[in-house]
Amino acid sequence: MAETWDEQQLIADWFGHVCVEPAWYDGPCSGLVGIDGVAHYFQCDDVDFSRAPDECFVWPASEIPVTLEREQWGIFARRNQRYEAGTADIESHPGQGGIDARYDELEALLAPQRQAPADARRLVAEWRFDGEGRYRVDGVGHWGRWSPDR
């Protein structure tokens with residue numbers, strides 16, 4: 001189990017909360033994170049919590065895509081709550097397509113926003129967990145801190 005951190009300490013240490021995470025594989029692969037109070041997309045090539053650092057492309061996200069990302073994340077997180085409660089099965093995952101029409105619509109609208117632009121910065125991510133649960137409607141249970149690529 002990864003070490004957990006207090007939210008106030010994370011903020012004091014310049015970590016930003018990951019509020020949306022559409023892709024995870026041994027760690028966050030992509031999503032939205034707060035950097036200096038501004039929402040940014042991130043896309044990591046090779047995430048591995050057992051080693052650090054993780055290099056990621058990072059670019060600012062505008063207001064409308066952030067709102068749509070949070071809406072889609074909410075659909076997923078509420079479904080995940082039902083899944084963990086035993087009232088939804090694995091086949092109900094909206095990411096499979098054809099399960100939730102609004103989720104699918106948001107996926108199509110957001111796909112272009114999730115592509116790293118040519119001017120995306122390449123930064124090194126450090127991850128920490130807050131211990132409050134991984135899939136919450138308000139975001140996920142980890143935070144990122146960013147520094148220039150080495």
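Let me start with Asp130 and Arg136, whose side chains meet in a salt bridge with an N to O distance of 3.1 Å. By salt bridge I mean a side-chain nitrogen of Lys or Arg within 4 Å of a carboxyl oxygen of Asp or Glu. Both Asp130 and Arg136 are buried; the term buried denotes under 20% relative accessible area, exposed over 50%, and partly exposed in between, with a 1.4 Å probe and protein chains only.

A word on the basis of these values. This is a predicted model, in which local features need pLDDT of at least 70 and side-chain atom pairs count only at pLDDT 80 or more, while totals for chains, interfaces and linings use all residues. Residues are numbered from 1 along each chain as its sequence is written, and side-chain values use heavy atoms, with hydrogens and water left out.

In total, the structure holds 10 salt bridges. In general terms, side chains of opposite charge can pair when their charged atoms come close. Another such pair is Glu107 and Arg114, with the closest N and O atoms 3.1 Å apart. Here Glu107 is partly exposed, at a relative accessible area of 34%, whereas Arg114 is buried, at 14%.

I turn now to Glu126 and Arg145, which form a salt bridge at 2.7 Å, N to O. This pair links distant parts of the chain, 19 residues apart: Glu126 lies in strand S5 (residues 121–129) and Arg145 in strand S8 (residues 142–148). Strands, like helices, are DSSP runs numbered from the N terminus, with at least two residues in state E for a strand and at least four in H or I for a helix. Glu126 counts as partly exposed at 30% relative accessibility, and Arg145 counts as partly exposed at 26%. Salt bridges that share partners join Asp13, Glu126, Arg128 and Arg145 into one network.

What is the sense of the pairing between S5 and S8? The two strands are antiparallel and share 7 bridges; pairing requires that DSSP find at least two bridges between two strands. Within this pairing, Trp127 stands opposite Gly144 in S8. S5 also runs antiparallel to strand S4 (residues 54–60), to which 5 bridges join it. There, Glu55 has Val124 in S5 as its bridge partner.

Finally, consider Ser30, in strand S2 (residues 28–35). Ser30 is buried, with a relative accessible area of 16%. Beyond its neighbours within four places in sequence, Ser30 is in contact (heavy atoms within 4.5 Å) with Val20, Glu21, Pro22, Ala23, Phe42 and Gln43.
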